[in-house]
Amino acid sequence: MSKALENYKTKRESIIKAGRELFLNHGYSRTSMDEVAKTACVTKQTVYRYFVSKSDLFAEVISQMSKENDIYTFGNMSPEKELIKFGIQFITMHMARHRLELFRMMISESRDGSEIGGMFKSMVQDARRKPLTGFLTDRLNVREADKMANMLISMLLSMRSPILMNTRDVPDADEIEKHAETCVKLFMNGVKGF
């Protein structure tokens with residue numbers, strides 16, 4: 001790798017890291033590109049050379065955060081076992097500190113009509129729902145699979161609200177597994193009649 005390319009990648013990564021830290025700690029609207037430059041130890045012009053706007057930087061931060069946990073790939077186990085496995089991975093991913101902070105920020109910032117709500121939905125939420133919707137359609141012949149996927153996801157994430165409000169601790173792996181099993185069994189019983 002050439003020195004120039006290495007320097008480019010290093011600066012870019014330091015800007016993304018600074019943006020992530022500032023967005024998660026201070027929110028989107030209270031983070032300025034000046035602060036990003038200062039935190040990344042680069043000039044403001046350098047930040048704009050890599051990212052033409054704050055929303056472009058935020059999109060890259062979201063993109064990298066969603067790559068940290070690959071989207072679940074459904075296999076050939078029984079539908080119930082596949083959904084439980086999906087549920088465990090999905091809940092575990094959403095219980096990570098940075099994911100909780102991101103969700104807190106999204107809720108806070110989206111109420112003002114900020115563009116980041118739509119960005120988050122299209123880049124993260126839709127990408128994670130699509131494989132589940134496909135699985136429900138292909139393996140379970142579920143009508144209105146999109147709606148059913150949203151319901152299952154809501155059940156899986158039902159344990160997140162008290163954590164976001166700091167009224168309980170993040171669950172351990174056993175509790176996550178039991179919650180996923182309960183949600184999937186309830187879902188499977190309900191979806192049969194739908």
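Helices (H or I, at least four residues) and strands (E, at least two) are taken here as DSSP runs, numbered from the N terminus. This is a predicted model, in which local features need pLDDT of at least 70 and side-chain atom pairs count only at pLDDT 80 or more, while totals for chains, interfaces and linings use all residues. Residues are numbered from 1 along each chain as its sequence is written, and side-chain values use heavy atoms, with hydrogens and water left out.

Of its 194 residues, 42% are buried, where buried means under 20% relative accessible area, exposed over 50% and partly exposed in between (1.4 Å probe, protein chains only).

Next select residues 79–94, helix H5, whose 16 residues reach 22 Å from first C-alpha to last, close to the 22 Å expected at 1.5 Å a residue (the expected span is 1.5 Å times one less than the number of residues). Buried residues of H5 include Glu 82, Ile 84, Met 93 and His 94.

To display the contact (heavy atoms within 4.5 Å), pick Leu 83, Phe 86, Gly 87, Phe 90 and Ile 91 of H5 together with Leu 152, Ile 153 and Leu 156 of H8.

Finally, select two cysteines: Cys 41 is exposed at 71% relative accessibility, whereas Cys 183 is buried at 6%.
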